[in-house]
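Biologist: I'd like to learn how to read a protein model, one feature at a time. Can we go through this one together?

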Amino acid sequence: MDQALYYFASGLIKLFQALPLNFLGQVGRFLGGLVYFVDARHRRVAIRNLTMCFGAEKSADEIRALAKENFKRIGENFACAVKSSSMSMEQLEGHLVMAGVEKLFLSHLTAPTASIVVAIGHFGNFELFAQLARGMPLHRRATTYRAVRNPAINRLLLRLRKDTGCLYFERRTDGLALRNALRTNNLLLGLLADQHSGEHGLRLPFLGHDCNTTKAPAVFALRFAAPLHTAICFRTSPGQWRIEIGDVIPTHENGHPRALADIMLDVNRAFEVAVRRDPANWFWVHNRWKHSRIKTSAVKAGEDDEAPELPGNENQTAGTG
């Protein structure tokens, strides 16, 4: 059964990769709109999240319309990600604009032997974050992912991810390998920072409500003396995206490490600006504000002797996670 599913999914991916990107985006939008009507559970999650964050400024009809557009965007981005993961930088030239790469280059000049950590989120075609190292030939792209339960599908996803030339580390089993790679290579490490992080996270405000926030970008930036940035992927039109690199986030103040909570609060604030700029561009179907127990230790720099649980995306189809 697993093998049959593998061959079916592999054939579907080959079909998607043969289609023009703009047409594929329209197919994805149709499928996303269909899922909006049949997937009641995630529809309720998206409407609840949007109401909690925008209910004071948008009507119920506007919230539902935004939720429906969000499903269409997710379908569009997932469908396009299947093809974009197999496209070269040259092939993506007419579809992807990179803004602010000079900020990464400046960080490299400031710390030429250090890796660079980039806090990323589920914005637009977030698989395109695998292209972040454009203009940074001395840095190897790397990120984390979470393996799916089905071994055949996981094998297929790994094959797609390797096509991007990016290093992928499984969030639950490859922590040591990632830390060793950071010690020996100049990595451009993208870490997802907008998902619920369980008991290992920090309770911080996001869009006006407290949520569990990963501390991994702050911990790795401090531990490996790596500059920390954010990056947002905006969908500007069907099959067109713009990745914007944020300014460096300070990890030290007056010669001392900043608290992890203060660093990650800066990341959350950057994400808030991006969400408000284009609300449909974010991943509202994730239960971002669910409540869970938080371990209150290790909220300051230097208190966390063990690496935090690595963030990883369990919703992706290919590429960065």
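Biologist: Which backbone atom lies 3.1 Å from a polar atom of the side chain of Thr214?

Modeller: Keep in mind that this is a predicted model. For a polar contact, look for N or O atoms within 3.5 Å. Here the backbone nitrogen of Ala216 sits 3.1 Å from a polar atom of the Thr214 side chain. Thr214 belongs to the loop between β7 (209-213) and α8 (216-223).

Biologist: Is Thr214 buried or exposed?

Modeller: Buried means under 20% relative accessible area. Thr214 has 5%, so it counts as buried.

Biologist: How do I read a nonpolar core?

Modeller: In soluble globular proteins, nonpolar side chains tend to be buried together. In this model the largest nonpolar core has 52 residues, and Phe206, Phe220 and Trp289 are among those with the most contacts inside it. Helix α9 (residues 260-277) gives the most to this core, seven residues. There's also a second, separate core of 22 residues, including Val118 and Cys233.

Biologist: How many bridges join β8 to β9?

Modeller: Six bridges join β8 (residues 228-237) to β9 (residues 240-245), and the two strands run antiparallel. Find Cys233, and you'll see Ile243 of β9 opposite.

Terms used:
Residues numbered from 1 in each chain as written. Predicted model: local features only at pLDDT ≥ 70, side-chain atom pairs only at ≥ 80, totals over all residues. Heavy atoms only, no water. Helix = DSSP H or I, 4+ residues; strand = E, 2+ residues; numbered from the N terminus. Buried < 20%, exposed > 50% of the residue type's maximum accessible area, 1.4 Å probe, protein only. Polar contact = N/O pair within 3.5 Å; in protein donor to acceptor, adjacent residues only side chain to side chain. Core = buried A, V, L, I, M, F, W, Y, C linked by side-chain atoms within 4.5 Å. Pairing = 2+ DSSP bridges.
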